[in-house]
Amino acid sequence: MIKISVASGKGGTGKTTIATNLAAALSKKGKDVVYLDCDVEEPNGRIFLKPLISNISRVSVLVPRIDLDKCTFCGECAETCEFNALAVLEDNVMVFDSLCHNCGGCYHICPENAIKEVPRDIGEIQSGSSNGLKFMEGQLTIGEAQAPPVTKQLKKDMPPAEITIIDAPPGTSCPVIEAVGDTDYLILVSEPTPFGLNDLKLAVGMARELKLPFGVVINRSDLGDDLTIDYCRKEDIEILLQIPFDHKIAKAYSEGRMASDISPIYRENLYELYENIAGRIKQ
Amino acid sequence: MILAISSQGPTLESAVDPRFGRAPYFIIYNTETEEFETINNSENVNAMGGAGVQASQSVVSHKPDVVISGNFGPKAFQVLNGSGARTALWANGKVSEAIELAKTNQLEYTQSANVKGHWQ
Ligand code: SF4
Ligand code: SF4
């Protein structure tokens, strides 16, 4: 049971291409693999894997509702709420569901017992399969702000498998940490440009903070400068793979096709990359 | 009439701040007594989310009839409106000028929020 997460400091580096093709390459070699799309604000692994969905479940969180007959408008709930999700007026209490982080603070503090928790739907989880590869994705409903509860539920419901590939959201914020936390290895996908390097440094900072073993895949490796390679060498970071730009791959991507159908890099080299990582995890 | 004005500074000579939730100060002005009070909102300037809710909650506790700012987000608007205050868009000068406009009834009142929330 090996869990590998794929992340990048920002979007558009080819993270989903690496994650989906890695999962597909391993599955084709006969491994028992689940691909988990944790980029819940914009899950797009399905565009490439084209899974057959067999199950859909809803994700909900608990939010406060106020019984105005019991409420004395004392204001304690709003005072305690760190997220400013409550406003107490003279004769009303407003709850801003999208700001609520479901901490439970207000229920406990209310002296009149006027607050109850009600479930509120914020997203869904779909699961199915794609050519033998198990597929699962979380989707946050548009307009909702709290991605971590969807990611949490996704990771809880994840089916057991020999190998789990987690497609993390871009960036380094809470939803990313939720996605990559408790995985065995983190692949950071980057581009060799000054901006790419800057985002990579942030992602490396996160990986080190989380004490996750990690390595870097440099995408479009021939379309930039040497600064990323110099940085990795200096920081003693392993470069797992360098993938040069290939307009056929870019075209396949834009058409929603798998890069592995076109280029052996996305089959053989990604499989080797896995073996390399797995060998080290097992040690 | 009680006015609440988002302000860049703590005095009547300060410029009206175009942002409501993240304005550093609010001036609460009583047109009858011609006295004013200052609310320090600086804690809210860098709030992660809910700045509008927090700011409007402290403004509303002074029971203003009219709130003046350059922009209101949807949540702030909801709280202010829920309290019965009217909201006016104006941020083209000093707090004292905004007060004059309110007194002479030259402000335009809004019916809805005019900017999107920051962390929607
Ligand atoms: S703490 Fe309870 S009683 Fe006080 S304002 Fe909130 S809901 Fe009402
Ligand atoms: S549950 Fe927590 S975040 Fe939500 S409204 Fe209550 S105190 Fe605020």
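Mentor: Let's go through the contact between the chains, then one residue.

Mentor: First, this is a predicted model: local features need pLDDT of at least 70, side-chain atom pairs count only at pLDDT 80 or more, and totals for chains, interfaces and linings use all residues. Residues are numbered from 1 along each chain as its sequence is written, chains are lettered from A and ligands numbered from 1 in the order in which they are written, and side-chain values use heavy atoms, with hydrogens and water left out.

Trainee: How many residues of chain B are in contact with chain A?
Mentor: 16 residues of chain B, meeting 14 of chain A; contact means heavy atoms within 4.5 Å.

Trainee: And what area is buried between them?
Mentor: About 1100 Å², with carbon and sulfur atoms giving 60%. That's accessible area (1.4 Å probe) lost on putting the two parts together, summed over both.

Trainee: Which side chains meet in a salt bridge?
Mentor: Glu90(A) and Lys63(B), at 3.2 Å, N to O. The count between the two chains is 1; the rule wants a side-chain nitrogen of Lys or Arg within 4 Å of a carboxyl oxygen of Asp or Glu.

Trainee: Which element of chain B gives the most to the side touching chain A?
Mentor: H2(B), with 5 residues. Helices are DSSP runs (H or I, at least four residues), strands likewise (E, at least two), numbered from the N terminus.

Trainee: New topic: where is Asn44(A)?
Mentor: In the loop between strand S2 (33-37) and helix H2 (45-49) of chain A.

Trainee: Why does Asn44(A) count as buried?
Mentor: Because its relative accessibility is 17%, and buried means under 20% (exposed is over 50%, partly exposed in between; 1.4 Å probe, protein chains only).

Trainee: What does Asn44(A) touch?
Mentor: Thr16(A), Asp37(A) and Tyr253(A), not counting residues up to four places away in sequence.
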